[in-house]
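Subject: Structure for you to look at

Hello,

Here is the structure I promised to pass on. Please open it first, then read my notes below.

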There are 2 protein chains.
Amino acid sequence: MTVTEAIEARRSIKHYDPKHVMPEADLARLIELTKLAPSSFNMQNYRLVVVRDPELRKQLRAVAWDQAQVTDASVLFIMCADLSAHRADPAKYWSHAPQEVQDILGPAILPFYDGKDQLIRDEGIRSSALAGMTLMLAAKDLGYDSCPMVGFDAEAVAKLIRLPDDHALSFMIAVGKQTQDAWPRGERLPDSEVVIHDRFGS
Amino acid sequence: MTVTEAIEARRSIKHYDPKHVMPEADLARLIELTKLAPSSFNMQNYRLVVVRDPELRKQLRAVAWDQAQVTDASVLFIMCADLSAHRADPAKYWSHAPQEVQDILGPAILPFYDGKDQLIRDEGIRSSALAGMTLMLAAKDLGYDSCPMVGFDAEAVAKLIRLPDDHALSFMIAVGKQTQDAWPRGERLPDSEVVIHDRFGS
């Protein structure tokens, strides 16, 4: 499936075949492709919680507006971010890069983020979304549908998955085999409301 | 280009042909595809600032670590978000949906966000990144390369593009015709550091 076809065909699907089990090879491929999403300084600060335990899925559904896709999709991904990723030894992210690149980027990471809590959180949310969008389009290419979700009690979900204090919870993505079509695609806002040329208000 | 090929071939490219002008039809197609990215409640809260004015590009480069792609790429997108999008009349986002969908989703938007500043900001950053990743993969399919960027003085950029107070600045994406390959892809962290099964610490 071409990129263009996948972007056009992807819809947020709410109803899945609860009996479908995603083969391990598909899950591994999906994760491999997701990990090619870009992240600032190549920090790879996104974290993918792959929820397959049926009991946990039931508990999550109870704190996610009882949405069927939480239990019925083949896999539920909970997209998180490690807010301490910029504190790791930069060599971890750049050991394959030319020395001159390592010399520039390595020492820049910590001062760029340190003490800037909002920037650190933004970076976590941003990376998780770049990875999540990659995951949803890759899923489409592999024959799956998906549904990104923010409709849940974030505190309750964090508790259920034992989210560490230095991690952020971003959103969920249900991935599975569709049993019902999506409702018609929501209207797109006109370019005049979404696209700004050069500067706002000009 | 298939989704899988685009995800694997996409790299953050820093050097572009400064003489290349993106045809209007390509820009329109890129925007059209970007607007198919999902957003919570279909709010479409992302805003794309399309910067082509050469003088403004020079000023932006001066506050973006003098990175060449800011002036040399065919188009510079500044990905922003409207933090007031949830306050608009929901009919704007759902007028094409079945009445039962409108009845459920319309009244849910405002109470979900109102007064929750961090959630509103997270949603803006998340939507801008979902749209931005869609844009970067669509660009690859249309024969362009791209570079997502956070290395800039956010306050200075906000001033240059006259960012309204109720908008957030998320990141930049340079899109153009590559003149130099990227350096080798940064090492990927092992699944053991990025993928969590069911719960953290188990």
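Two residues are in contact, or touch, if their C-beta atoms, placed from the backbone, lie within 7 Å. This is a predicted model: local features need pLDDT of at least 70, side-chain atom pairs count only at pLDDT 80 or more, and totals for chains, interfaces and linings use all residues. Residues are numbered from 1 along each chain as its sequence is written, while chains are lettered from A and ligands numbered from 1 in the order in which they are written.

Start with A:F77. Leaving out residues up to four places away in sequence, A:F77 touches A:L48, A:V49, A:V50, A:L135, A:M172, A:I173 and A:V175. A:F77 also belongs to the largest nonpolar core, which has 95 residues. Such a core is a set of buried Ala, Val, Leu, Ile, Met, Phe, Trp, Tyr and Cys residues joined through C-beta atoms within 7 Å. Buried means that 20 or more other C-beta atoms lie within 10 Å of the residue's own; exposed means 12 or fewer, and partly exposed is in between. A:F77, A:I78 and B:F77 touch the most other members of that core.

Next, the two chains. 67 residues of chain A are in contact with 67 residues of chain B. Helix 7 (117-141) of chain A is among the elements that supply at least two residues of this side. Helix 7 of chain A gives the largest share, twelve residues. Helices (H or I, at least four residues) and strands (E, at least two) are DSSP runs, numbered from the N terminus.

Strand 1 of chain A pairs with strand 5 (residues 195-197) of chain B, in the parallel sense, over three bridges. Pairing requires that DSSP finds at least two bridges between the strands. A:V49 stands opposite B:I196 in strand 5 of chain B.

How are the copies related?

Last, A:A158. Its place is in helix 8 (residues 154-160) of chain A. A:A158 counts as partly exposed because it has 18 C-beta neighbours inside 10 Å.

Best wishes
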